[in-house]
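This briefing sets out the architecture of the protein shown below.

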Amino acid sequence: MDPIDMMVADINCEDLGLSKLCLMENAGKCLSDEVATISTFTFSKPVKIAIFTGSSENGGDGFVAARHLLNRGFEVEVYMLTPPNDIKSIDAQINYDILNNMSPHISRLNIMELNDSKDVEKIDIANSKSFSEYIIIDGILGTGLRGKLKEKVRKTIEIINNSNALKIAIDVPSGMDPLTGEISDIAIKPEYTVTFHRVKTGVKKANNSDEKLIGGLVICDIGIPIEAELFVGTGDLLRLNYRKNSSHKGNNGKILIVGGSKDYHGAPAIAGISAISSGADLVYIASPKSVSLALKQKSLDLIVKTLNEGNEDYFSLDNLDEILNIIDTAKIDAVLLGPGVGQNDGTGKLFNTLAKKIDLPLVVDADALKLIDPILIKNKENLILTPHLNEFKSFFKKFINENEYLNLINDSDENNHDKLNNKIAEFQKITNNINGTVILKGKYDLVFNKNKLRINKTGNSGMTVGGTGDSLAGLSASLLSQGLNSYAAAALAVYLNGKAGDLAKESYGNGFSASQLSEFIGILMED
Ligand SMILES: NC(=O)C1=CN([C@@H]2O[C@H](COP(=O)(O)OP(=O)(O)OC[C@H]3O[C@@H](n4cnc5c(N)ncnc54)[C@H](O)[C@@H]3O)[C@@H](O)[C@H]2O)[C@H](O)CC1
Ligand SMILES: [K+]
């Protein structure tokens, strides 16, 4: 599991009501159980425990383990590389405070602060030999390692590695990159690594290249339910790329929406506003002439390009060069095809040609799902489709045999979503025919990408109003343009769209409009 996926799941646990403090307690308790077991089968006489703690949650796990190991009768020394006032995690701070409040220590606990490299060197001289009667627990750095090791941390790792103690790393050996498994400088060389929930990708890679880098690998179940990974939640916002203060206009995403036709000028506009609200820097809309004139009066924030060739009211193949030219000259990052385009033959010819020619991240929505030949885009990975059930059936008709198709139509009662959820495996079999991501919209939105699935529960019945699908499509294109892959972008887009719908309902009641929904997207991006 990648460290980012773990962090997302942790925060999504909080959406379920399961606090990170509780996860830390489970982690520290499980760790202490493992330490006790390892101690029993490794040593014939009692050993002391030395726990080295860093500035954040890896250290927090260490504080919890200290408490549980004391209860088991161990003598525990805690060496803090970060002084109490500088601890960065609230939960680690709470667990440090508990240890501190236990003073005067009736139990055999000793807490020492290692304020600088000299303090660290003193441990070296005084204790490293006698550390042979110790188990050292490494709670210095876990999944939060960034960049070059600070000198004090580096020195401590060196001393721990030189000692004769049995070493147990918490989650990831400190100094090892939790994603790549690389050790750019130095890392704890443990006899055991006790990891939580799932093995982190870096630990797995390191273990595959040389088992000695990890030692014996123990996985603790810390009570994270599968739903914390399945349900999209607040944690998914972590996947957004950090906006640099120094970034310029356009650095954070430029999208082109190819949408609108005679009766539907609102659809591309709503998609455009939602794209801007979700962080895209520049939103271009290419529309037939009659639509673009209406759009130009609609919003000051959209860059509306009038297509001069061909039909005034509908797209046609005559617009191909103009559209490709906009993509080129505006250096577009992602394209949305479909909102409000209608189903003309000419529009179909244009969209099939665009689908072949556009090599950028792509969102296909609404009528475009009925117009574009699935074969043309089936291999594209950076693709999001946003169908409701009818559009889903229509798009995937080619990939399923008649019986499966009839089964899907007959059994999938759009009003019975629990029944719909029972069909997940069937939908997955069908969506597996393409490499991109599919958002199947419904009471619970289902996001499919190959064998992976996310479920979104935000949103409400007010969202059946026209335009909320256009908003979702704009959000999807916006997040693609900001560098998220199609699976991550699709999951976050449905979450934000539904959550904005929930806020719109609170403010405007059940009769909110899609443009009122768009107003609430921006504030959600600050989570
Ligand atoms: N679900 C779980 O698996 C749980 C895991 N837990 C534990 O939490 C850590 C991850 O915690 P986090 O706060 O994100 O990061 P770290 O503890 O690894 O510390 C980050 C902290 O360290 C400092 N730092 C970063 N880079 C360096 C460096 N190069 N040199 C020195 N110091 C550095 C900086 O201050 C960072 O802020 C996970 O591994 C688990 O052990 C939870 O307890 C329960 C749920
Ligand atoms: K560690």
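In this predicted model, the C-alpha centres of domain 1 and domain 2 lie 45 Å apart. According to the domain assignment, domain 1 covers residues 3–230, whereas domain 2 is made up of 234–241 together with 248–524. The points below begin with the contact of these domains and continue with sheets and helix pairs.

**Contact of the two domains**

- Domain 1 contributes nine residues to the contact, and domain 2 contributes eight residues.
- On the side of domain 1 that touches domain 2, the largest share comes from helix 1 (residues 3–16), which supplies eight residues.
- Sorted by class, this side of domain 1 holds six nonpolar residues, one polar residue and two charged residues.

- Seven strands form an open sheet with parallel pairing, in the order 3-2-1-4-5-6-7.
- Strand 3 (109–113) and strand 7 (216–220) are at the edges; each has a single partner strand, so one side of each is left without a neighbour in the sheet.
- From one strand to the next, the twist of this sheet averages 20 degrees.
- Strand 1 (residues 48–53) and strand 2 (residues 76–80) run parallel and are joined by five bridges.
- Ala 50 has Glu 77 in strand 2 as its bridge partner.

- Nine strands form an open sheet with mixed pairing, and their order is 10-9-8-11-12-13-14-15-16.
- Strand 10 (303–307) and strand 16 (452–456) are the edge strands of this sheet, each pairing on one side only.
- On average, and with direction ignored, neighbouring strands of this sheet are turned by 15 degrees against each other.
- Strand 14 (residues 437–440) pairs with strand 15 (residues 445–449) in the antiparallel sense, over four bridges.
- Opposite Ile 439 stands Val 447 of strand 15.

**Packing of helix 2 with helix 4**

- The axes of helix 2 (residues 20–42) and helix 4 (residues 90–101) are 9 Å apart, and the two helices pack at an angle of about 55 degrees.
- Helix 2 and helix 4 are therefore oblique to each other, and their crossing is right-handed.

**Packing of helix 19 with helix 20**

- Helix 19 (residues 468–481) packs against helix 20 (residues 486–508) at an angle of about 140 degrees, with the axes 8 Å apart.
- The relation of helix 19 to helix 20 is therefore oblique, and the crossing of this pair is right-handed.
- From helix 19, the contact draws on Thr 468, Ser 471, Leu 472, Leu 475, Ser 476, Leu 479 and Leu 480.
- These residues meet Ser 486, Ala 489, Ala 490, Leu 492, Ala 493, Val 494, Leu 496, Asn 497 and Gly 501 in helix 20.
- By class, the contact of helix 19 with helix 20 has 10 nonpolar residues, six polar residues and no charged residues.

Technical notes: Residues numbered from 1 in each chain as written. Chains lettered and ligands numbered in written order. Predicted model: local features only at pLDDT ≥ 70, side-chain atom pairs only at ≥ 80, totals over all residues. Domains from an automatic or database assignment. Contact = placed C-beta atoms within 7 Å. Nonpolar A, V, L, I, M, F, W, Y, C, P; charged D, E, K, R; others polar. Pairing = 2+ DSSP bridges. Axes fitted to C-alpha atoms, helices over the stretch in contact; angles between N-to-C directions. Parallel < 35°, antiparallel > 145°, perpendicular 65-115°, else oblique. Left-handed = near helix turned anticlockwise from the far one by under 90°.
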